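Have a look at the picture first, then read on.

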Amino acid sequence: MKKTTGKLTAAALTLALTTAALSGCAGAPEKETTQAAAAESTTAKETGTTQAAAESTGKYYSASATPEEVVVDAASKGKVGNWGLGNEYEVQALLTKYGQNTDFLSQAFDMDGFDDDSILLASAMTYNELGLVKNSYKGGYAYGDSVKYIDMNEEGVAMLEDNIFTTREFAEANPNTVKAFVRASMKGWEYACANPEEAAEIVFNAGSSVSSEHQAYMAEEVKKLVETDTKGNKVVDLGKMDDEALQQTLDLAKQYIQLDDSTAAEKLQTLTLDDFRDASYWTDAMSGAELGAPEKTDVSIQLKWLPQAQFMGYYVAEAKGYYKDAGLNVTITPGGGDIGETTAVNSGQVDFGVTWDANLIAANAGGMNLIAVSQVYQRSGLVLVYKVNE
């Protein structure tokens, strides 16, 4: 198995903020499967799929293994990993789907655990960690085609990710500002998706935390998340809110988000789509009608992480003058460290933010009053990656 050295640091490998992840520890590779996995191996021996490979090597699966076979085997060995920062709910939903308990290993902000086999089924974003696992450029692990992955969209457990949000109070007080910001941002996203190579260069020049090669890879993969929905259909109207996908996100959030505060936990179960999104701002912004003058011209947006193609639409909108044309002076604030985008927006430190919808739902259950005004990513970018026999 070819692997390169000089892997990227934790800060450069993940889009997630470096807040505390769920606890867990990676044990040594097991030599035998559990009783449940052993029962599955009867079929595997006949078809040459996952358990036969997993039992013989302890770390590789057959390329023809089904998602269920891989999930059952990895879960039975306690070797499913996730960061535990808001997208673990999809992993838990997948484990439930295949009759497994919802425990998972706390995965570091790199893919070293996957590389050293302490994690057999590792979380990865298609536009970030998956590229690092597969590719041989700087920071890559160079596994190439010797890995496969399980897609949350195809498994029916997808939860929507990056949106544009603000407080309900700010939106009601500054409707023209919100509409102008959405219109200019989505124009930036449209250009970025049509010109991903140029968009990657713009982000890289803005102070990217990753190599130019990885940035270019990211841009191509992010384009897919913006232009394709959870069912694999082409998205006609970028940024539009898909109520069916949002409802699935909310339903899974209610099932898997655990809140310590009993009042917040009770409120979570009563939330509806209207409690965390307002599609009217996107509708008006994208109607083509003339917008009124922005009530506030100097505004800011808080990103989830450092400059990278995950956020390329905003950097393109700034570089191409789309914000200026809309009468706005926009400050793009990178994330990182202990910065929480929901808290930053709720407290008024910034006007807009980018977050996963599950985080928005949890924040509102906890007492915030935030609303998504555009849904940029139309499908989940989370996959579970595993090694296969060459």
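## Overall build

The chain's secondary structure comes to 18 helices and 10 strands. Here helices (H or I, at least four residues) and strands (E, at least two) are DSSP runs, numbered from the N terminus. This is a predicted model, in which local features need pLDDT of at least 70 and side-chain atom pairs count only at pLDDT 80 or more, while totals for chains, interfaces and linings use all residues. Residues are numbered from 1 along each chain as its sequence is written, and side-chain values use heavy atoms, with hydrogens and water left out.

Of the chain's 390 residues, 57% count as buried. Buried means under 20% relative accessible area, exposed over 50%, and partly exposed in between, using a 1.4 Å probe and protein chains only. Now take contacts (heavy atoms within 4.5 Å) between residues at least 6 apart in sequence: 80% of them join residues at least 24 apart.

## The nonpolar core

A nonpolar core is a set of buried Ala, Val, Leu, Ile, Met, Phe, Trp, Tyr and Cys residues joined through side-chain atoms within 4.5 Å. The largest one has 119 residues, and those touching the most other members are Leu121, Phe181, Trp189, Ile301, Met312, Tyr314 and Val385. Helix H9 (residues 175-194) gives this core its largest share, nine residues.

What does isoleucine 301 contact, leaving aside its neighbours within four places in sequence? Its partners include Phe181, Tyr314, Val330, Ile332, Phe352 and Val354.

## An enclosed helix

Why is helix H4 (residues 67-76) largely enclosed by the rest of the structure? It is because eight of its 10 residues are buried. Among them are Glu69, Val70, Asp73 and Ser76. Just after H4, glycine 78 takes a positive phi of about 65°.

## Empty spaces

Rolling a probe the size of a water molecule over the atoms shows where empty space is left. On a 1 Å grid over the protein atoms alone, a cavity is a set of points where a 1.4 Å probe fits but cannot get out; a pocket is an open set with protein on both sides within 12 Å along at least five of seven lines, and lining residues have an atom within 4 Å of a point. The largest cavity has a volume of about 40 Å³, and its lining includes Gly86, Glu90, Met159 and Trp356.

The second largest pocket has a volume of about 320 Å³. Its lining holds 19 residues, of which Thr126, Tyr149, Asp151, Glu154 and Arg379 lie nearest its centre. Helix H7 (129-134), strand E4 (147-151) and helix H11 (212-227) each supply at least two lining residues.

## A closer look at aspartate 151

Aspartate 151 sits in strand E4 and is buried, with a relative accessible area of 9%. A polar atom of its side chain lies 2.7 Å from the backbone nitrogen of asparagine 153. Not counting residues up to four places away in sequence, aspartate 151 touches Arg379 and Val383.

## Two loop residues

Which phi does aspartate 117 have, positive or negative? It is positive, about 75°, although this residue is not a glycine. Aspartate 117 is in the loop between helix H6 (112-115) and strand E3 (122-125), and counts as buried at 11% relative accessibility.

Alanine 142, in the loop between H7 and E4, has a positive phi of about 60° although it is not a glycine. With 13% relative accessibility, alanine 142 counts as buried.

Technical notes:
Points joined across faces, edges and corners; volume = space filled by probe spheres on them. Polar contact = N/O pair within 3.5 Å; in protein donor to acceptor, adjacent residues only side chain to side chain.
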